[in-house]
Amino acid sequence: MKVVLRLLAGPAGAILLAFVLAAIAMLIAGVNPADGFYWLFRGSLGGRRPIAETLVQTTALLFPALGVSLAFRAGLFNIGAEGQLLMGGLLAGAVGAHFAGPQWLTVFVLLLIGMVGGGIWGGIAGWLRARFNASEIISTLMLNFVALSLAGYLVAGPLKSPLASGAETAPLLPNGWLPAFPSIGSISFGDTRLTISILIAIATAIVLRFVFTRTVFGYELRAAGEAPEAARRSGINMPRMTLLALTLSGAVAGLGGAAIVTGVLHRFNTSLSPGYGYTAIAVALVGDLNPLWVCVAAFGFGILEAGGLMMQANAGVPKDAIRVIEGLIILVLAARRYFATRATAAPI
Amino acid sequence: MNIALRLRGIRKVYPGVVAVDGVDLDLLPGEIHALVGENGAGKSTLANIAFGAVKADAGSIEAVGTVGLVHQHFELVGRLRVWHNIMLGREPRKGAIVDVDRARSRVAELAERNGLAIDPDAMVEELPIGVQQRVELLRELEREPSVLLLDEPTAALAPAEIATLFSTVVQLANRGTAILVVTHKLQEVIDYTTRVSVMRHGKIVARYETAQTSVDAIARAMVGGELPQVAQREKTGVKPCLAVRDVSAGVDTTTISGLSFDVHAGEIVGIAGVEGNGQTALADAIAGMVPFTGSIELDGNAGALRHRENIAIVPQDRHHEGLVVNWTIIENAILGRQNLPGLRKGALTDWRAARTDAAAIVERFDVRAASLDVTVKTLSGGNQQKLLVGRALIGDPRFVLAYQPTRGIDVGAAALVQSRLIEARNRGSAILLISFELDEILALADRVLVMFRGKITGSFTGAEIDRGKIGRLMAGLT
């Protein structure tokens with residue numbers, strides 16, 4: 001019994017359990033689970049194109065998940081990654097439609113602008129919390145709707161491309177496009193949507209890990225999150241930390257928005273994100289808010305996102321079932337703490 | 001003779017430690033039995049087993065009637081009123097509705113009968129700790145237990161409150177209740193109990209009739225040898241260091257008004273007073289945690305107090321205000337000092353220096369831990385406190401604010417902390433000591449200031465220090 005509990009307390013055991021539960025759900029829905037899982041994994045990992053698509057989804061989730069992790073580590077519940085992602089994409093798209101220099105410089109500037117956009121959006125919530133003690137949970141959530149409406153208005157009006165039929169900005173000038181992922185030996189990714197943004201995302205994770213573990217700022221940020229009163233009494237300026245953490249958290253999410261605009265869409269429209277900013281919260285939590293584990297978690301969720309379509313088309317499993325699996329994983333991981341305490345029960 | 005509570009062969013193992021190792025203990029009706037021992041000796045675990053909150057791995061428990069336990073860390077609902085806490089779960093009812101009037105009068109009658117003054121309608125979270133404990137005690141007494149266990153009942157009480165508590169306890173014993181007091185304040189053992197059992201490493205190593213033993217004998221049995229000596233104070237120069245002038249501030253319901261005093265380099269100034277008379281407001285004003293009027297200067301400079309290399313603080317509540325319990329010893333060792341030049345290289349924390357630093361604290365302050373990389377929550381309370389004090393004193397700060405620096409730790413650890421404070425004083429630190437234990441103030445302070453209702457009502461230096469006078473001023477008498 002102890003062994004089973006200990007297995008379930010680990011992330012691998014939790015994911016296994018989630019899949020068992022998902023299989024039961026498929027049986028109830030009248031689908032052969034073997035069929036469902038076959039298409040899920042074939043559609044996400046079965047070849048060059050599926051893998052590329054999985055990595056595109058991984059990237060889209062990874063940036064906001066890293067942003068969310070940063071805020072959570074500071075004890076701030078930023079659930080506004082969706083809005084910060086949109087604002088980063090919007091700003092990058094608006095500037096990129098008109099600005100072009102040499103490719104590397106242009107891409108760099110557009111990504112930076114995306115960070116500014118997301119940073120401002122996160123910073124608003126940070127300022128409200130620091131200045132008026134307004135709950136960041138509510139303000140970040142509400143700012144998601146403000147961002148969506150604002151972006152919707154701008155792309156339907158002032159920023160609308162005269163050439164496009166739908167509500168979107170003018171396309172980026174080609175020098176603002178992120179370069180495709182480099183070929184590995186004879187395998188080329190030129191015909192897929194995969195770009196170097198996955199590398200930028202992983203680099204961001206490594207930088208964040210370095211910031212958390214090695215810098216004084218990261219130390220203070222973790223102190224603020226782990227024990228706010230002890231942090232305050234140790235001389236850490238808590239309002240400043242709140243503002244900085246939410247700004248940076250938004251900036252990382254905004255970088256993700258700019259990466260989608262420059263890497264995938266090459267323009268901005270409000271369907272940029274099917275809810276990446278919300279799924280990112282789950283990704284961050286599954287990854288234990290540890291940047292490197294968040295990368296692994298984002299890949300796992302990327303498999304579900306990319307494979308879900310194939311599962312739907314070929315096994316007749318509705319794509320919503322993917323949401324059920326995601327939900328089950330989160331549920332089981334949340335229960336992990338319970339299993340973990342049962343496995344090592346020592347009430348002192 | 002009949003026995004109220006009989007424990008036989010009690011054993012309890014936690015991962016990596018045998019907390020209680022084959023204990024036999026009898027409690028007789030009408031006796032006050034002291035259970036003493038160092039931190040981690042297994043006293044609290046044994047009390048919790050006797051109460052039924054913790055299940056023993058082996059052994060038998062036989063009790064006549066009900067057993068009540070007053071916890072070391074009170075288990076009260078802060079947002080409920082006193083009467084409701086006492087009657088919680090057994091509220092008198094009128095149909096489906098709580099009969100508030102009856103509950104209130106039951107509580108008033110109970111308080112009256114036991115000589116414990118209390119306002120049944122006060123909100124528990126707004127009460128000082130000493131009064132909260134009265135609520136906890138009354139809650140247990142309401143069940144009319146035949147055995148009452150008190151776990152560190154006086155840890156946070158002022159001398160007058162301690163006397164009140166024990167007069168209640170003696171009354172209870174006279175009415176036939178069997179009482180077990182877990183404590184490490186040996187003078188209380190001598191003053192108030194009838195028998196003593198000493199625990200060490202989970203076993204009972206000595207049993208005495210209180211009348212036939214002494215503080216020294218009990219202390220030697222507790223530590224298993226001779227007691228560490230407290231450091232001698234040396235003559236030090238007297239330059240003014242901290243100057244407090246006309247300071248007024250408020251924290252929650254307590255305020256201070258118009259306080260003025262100095263702390264000199266090489267001097268320990270002790271603030272004597274019953275908890276809740278403004279000590280927290282004073283400490284928070286000095287630490288810059290609350291707004292205040294007036295001036296507080298270090299060497300004539302108000303800004304210098306905000307520089308962490310000059311000032312070190314041992315906060316009141318080690319879990320909440322001092323330590324990050326999920327962090328390692330190393331991470332905790334540098335909290336508040338993370339920006340000092342020796343611990344920081346540019347934007348980075350110098351973890352190598354931090355490790356060396358933590359090792360020095362652990363060594364000098366005798367923090368017992370498996371390694372520097374274990375989390376602080378795995379340490380016993382005494383070791384956590386030694387880490388907290390060590391972190392404050394390691395850099396020889398100019399000014400130290402020590403708030404209850406030996407709270408809840410055993411005699412050996414307390415002697416070590418007190419020695420290190422005196423050594424810091426001998427090296428020229430100015431130390432402001434806030435403690436609710438008058439004995440500690442008298443043992444350490446060069447000068448004693450008495451605080452009552454937010455004002456300083458007395459000041460005693462050197463030979464003028466007089467326990468009786470200070471005690472009366474603490475109680476608001478003149």
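## Strand β5 of chain B

In this predicted model, Leu69(B) has Leu149(B) as its bridge partner in β8(B). The two strands concerned, β5(B) and β8 (residues 147–151) of chain B, run parallel and are joined by 4 bridges.

Strand β5(B) spans residues 67–70 and is covered on both faces. Val67(B) and Leu69(B) lie on one side, Gly68(B) and Val70(B) lie on the other, and all of these residues are buried. In a regular strand, side chains alternate between the two faces of the sheet.

## Helix α8 of chain A

Helix α8(A) covers residues 197–214, which makes 18 residues. From its first C-alpha to its last it reaches 25 Å, close to the 26 Å expected at 1.5 Å a residue.

The buried residues of α8(A) include Ser197(A), Ile198(A), Ile200(A) and Ala201(A). Thr204(A), Ala205(A), Leu208(A) and Val211(A) are buried as well. Seen down the axis of α8(A), the buried residues fall within an arc of 160°, and therefore they line one face of the helix. Among the elements covering them are α4 (48–73), α9 (216–226), α11 (238–265) and α13 (291–315) of chain A. The face turned away from the buried side of α8(A) carries Leu199(A), Ala203(A) and Ile206(A), which are exposed.

## Contact between chains A and B

Chain A contributes 16 residues to the contact, and chain B contributes 22 residues. On the side of chain B that touches chain A, α9 (318–322) and β18 (348–349) of chain B each supply at least two residues. The largest share of this side, 3 residues, comes from α9(B). By class, the side of chain B that touches chain A consists of 12 nonpolar, 7 polar and 3 charged residues.

Terms used. Residues numbered from 1 in each chain as written. Chains lettered and ligands numbered in written order. Predicted model: local features only at pLDDT ≥ 70, side-chain atom pairs only at ≥ 80, totals over all residues. Contact = placed C-beta atoms within 7 Å. Nonpolar A, V, L, I, M, F, W, Y, C, P; charged D, E, K, R; others polar. Expected span 1.5 Å × (residues − 1). Buried ≥ 20, exposed ≤ 12 C-beta atoms within 10 Å, placed from the backbone. Arc of directions from axis to C-beta. Pairing = 2+ DSSP bridges.
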